[in-house]
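Please examine the sequence and the structure shown below. The paragraphs that follow consider confidence, a pair of strands and a pair of helices in turn.

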Amino acid sequence: MASLLFRGLQFRPLCIYSSSLWTKKVGVLCCASNSLQTQNVTTHEKPKKVATRNQDKTLDQLLKNYEAIIGIETHVQLSTLTKAFCGCAYNYGSEPNTDICPVCMGLPGALPVLNSKVIECAVKLGLALNCKLSLNSKFDRKQYFYPDLPKGYQISQFDVPIATSGYIDLDLPVEFGGGHRRFGITRVHMEEDAGKLLHAEDGSHSQVDLNRAGVPLLEIVSEPDMRTGIEAAEYGAELQRLVRYLGVCNGNMQEGSLRCDVNISVRPRGQDEFGTKVEIKNLNSFSAIGRAIDYEITRQVQLLSQGLANQIVQETRLWDDGAQKTVTMRKKEGLSDYRYFPEPDLPEVTLTKDYIDSIRDSLPELPELKRRRYEQMGLSMQDVLFLANDVNIAEFFDATLSKGADAKLAANWIMGDIAAYMKNEKLSITEIKLTSDELAELISSIQSGTISGKIGKEILFELIAKGGTVKGLIKEKNLVQVNSAEIEKMIDKVLAENPKQVEQYRGGKTKLQGFFAGQVMKESKGKANPGILNKILLQKLNANS
């Protein structure tokens with residue numbers, strides 16, 4: 001039996017560890033295996049542009065007689081200082097096998113000790129997802145062999161997870177039709193991550209990096225409530241917002257901190273029974289989730305409509321982003337294949353009502369509540385979705401409002417010039433020099449007529465790039481708007497210098513008003529209030545016409 005299990009695998013010793021396995025030196029576990037290459041999808045095709053409009057039309061036609069059933073399993077890597085069951089830290093990008101110990105390596109005799117922060121994060125997320133929390137839950141062993149899982153089993157939760165029966169609310173973007181959606185959450189459970197395989201380019205061997213082994217995860221399993229790729233992608237994006245608001249995970253998909261596996265089946269409309277479920281992995285962005293789902297729905301519907309339902313099998317497929325299609329990875333295991341049984345080395349997890357209440361009281365305002373509050377301020381849904389999307393932008397916006405700034409004006413500045421600057425410079429709102437206090441002061445200075453909007457924009461870019469204060473810059477650069485009497489003198493001068501244009505205006509070419517306004521603004525070096533300027537200008541131009 002052992003020879004069957006290890007056929008095709010050749011394990012090599014640690015590359016550098018000599019006197020001690022626990023020395024914090026760089027080392028990589030190696031194993032030669034051609035079968036492992038199924039995890040990597042190699043393609044020589046050039047990435048194809050996605051003709052979304054045509055694809056949407058094709059998909060809509062295919063789904064006239066069929067319905068897609070979509071559920072998502074999301075793994076959230078927790079931002080704890082140490083791993084789930086040992087004292088090792090985890091630092092993304094660190095040298096292979098430098099953040100490991102006997103516990104996360106699964107060596108005989110090493111015993112796990114639960115990190116209490118994992119429980120705290122699980123309770124936070126369970127409450128945020130409107131789940132029912134289990135006052136008593138337990139850990140289980142999920143048995144399966146794989147080179148990056150040293151123990152031969154994963155510590156997870158099976159029949160008694162920490163949270164069940166919840167839901168999440170979200171708003172679809174306006175460009176996707178808008179509207180409110182609620183998707184059910186089946187369960188949230190705690191578990192540990194496995195290591196990582198590093199495949200050689202020539203396919204001759206794979207190396208095992210165990211830095212990630214034992215990193216704490218929360219797995220969120222949705223109900224099969226989604227019907228389109230757009231809904232699934234927005235569900236994933238809302239989970240990302242939620243974990244970032246809670247501070248339990250950085251949500252970076254590129255680092256693997258948030259990973260989504262999608263389950264899809266298709267059935268004829270009107271049928272209650274689900275079709276054969278297919279899982280898709282290797283999804284590293286929300287746009288990839290949408291495209292992979294649309295492709296898989298199309299593939300399954302075409303097979304069903306051609307009478308080839310037997311070719312849809314329960315399996316795990318990978319999304320090949322270059323070829324824009326899913327490909328078979330492996331046949332899907334069933335629950336019985338994992339041979340779950342209770343983890344004997346860890347005690348039961350017991351929660352008290354007081355502990356849960358204390359965490360509930362500490363929760364921040366979550367994305368859904370924030371969106372509803374912003375809506376009540378009279379902001380458009382486009383404004384609401386932009387501001388609430390990023391927790392740091394939302395906090396900056398709220399801080400600006402707390403200083404008395406008008407909500408719509410603050411939103412316009414943040415979504416316009418500030419967002420454009422951040423995009424161009426690849427900065428976040430926490431990295432620019434502008435503070436919320438100074439944005440509020442800038443808005444107030446424009447509203448009071450101290451400076452014009454044009455001057456306000458010039459000041460804004462200096463505040464973003466270099467910092468400082470609005471009052472200080474106005475004083476330093478002498479930017480205070482000129483008063484009405486000075487504006488009137490400038491208008492008289494401009495009209496006197498341009499008699500021909502005045503005559504043309506009074507003869508019916510009223511578009512020349514813009515010419516005169518520009519000349520006065522130039523004369524004032526941008527310090528004239530446009531509203532006052534145009535009011536006096538019109539009075540003088542029309543006085544003798």
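For residues 1-27, how many contacts beyond four places in sequence does the model have? The model is a predicted one, and it has 45 such contacts for residues 1-27, a stretch over which pLDDT stays under 50. Over residues 30-53 pLDDT also stays under 50, and here the model has 59 contacts beyond four places in sequence. Where pLDDT is low, the predicted coordinates should not be read in detail. For the protein as a whole, the mean pLDDT is 86, and 88% of the residues reach 70 or more.

Consider next strand β10, which covers residues 196-199. Strand β10 pairs with strand β11, residues 206-209, in the antiparallel sense, and four bridges join the two. In one of these bridges, H199 has S206 of β11 as its partner. The two strands form a hairpin with six residues between them, and G203 in the turn has a positive phi of about 75°.

The last topic is the packing of two helices. Two packed helices are described by the angle between their axes and the distance between the axes. For helix α10 (residues 381-389) and helix α12 (residues 407-425), the angle is about 65° and the axes are 11 Å apart. The crossing of α10 past α12 is left-handed. Helix α10 contributes Q382, D383, F386 and L387 to the contact, while α12 contributes K408, A411, I414, M415 and A419. Sorted by class, this contact of α10 with α12 comprises six nonpolar, one polar and two charged residues.

Notes
Residues are numbered from 1 along each chain as its sequence is written. This is a predicted model: local features need pLDDT of at least 70, side-chain atom pairs count only at pLDDT 80 or more; totals for chains, interfaces and linings use all residues. Side-chain values use heavy atoms; hydrogens and water are left out. Buried means under 20% relative accessible area, exposed over 50%, partly exposed in between (1.4 Å probe, protein chains only). Two strands pair if DSSP finds at least two bridges between them. Axes are lines fitted to C-alpha atoms, for helices over the stretch in contact, and angles run from 0 to 180 degrees between N-to-C directions. A crossing is left-handed if the near helix is turned anticlockwise from the far one by less than a right angle, and right-handed if clockwise. Contact means heavy atoms within 4.5 Å. Ala, Val, Leu, Ile, Met, Phe, Trp, Tyr, Cys and Pro count as nonpolar, Asp, Glu, Lys and Arg as charged, and the others, Gly among them, as polar. pLDDT is the predictor's confidence in each residue, from 0 to 100.
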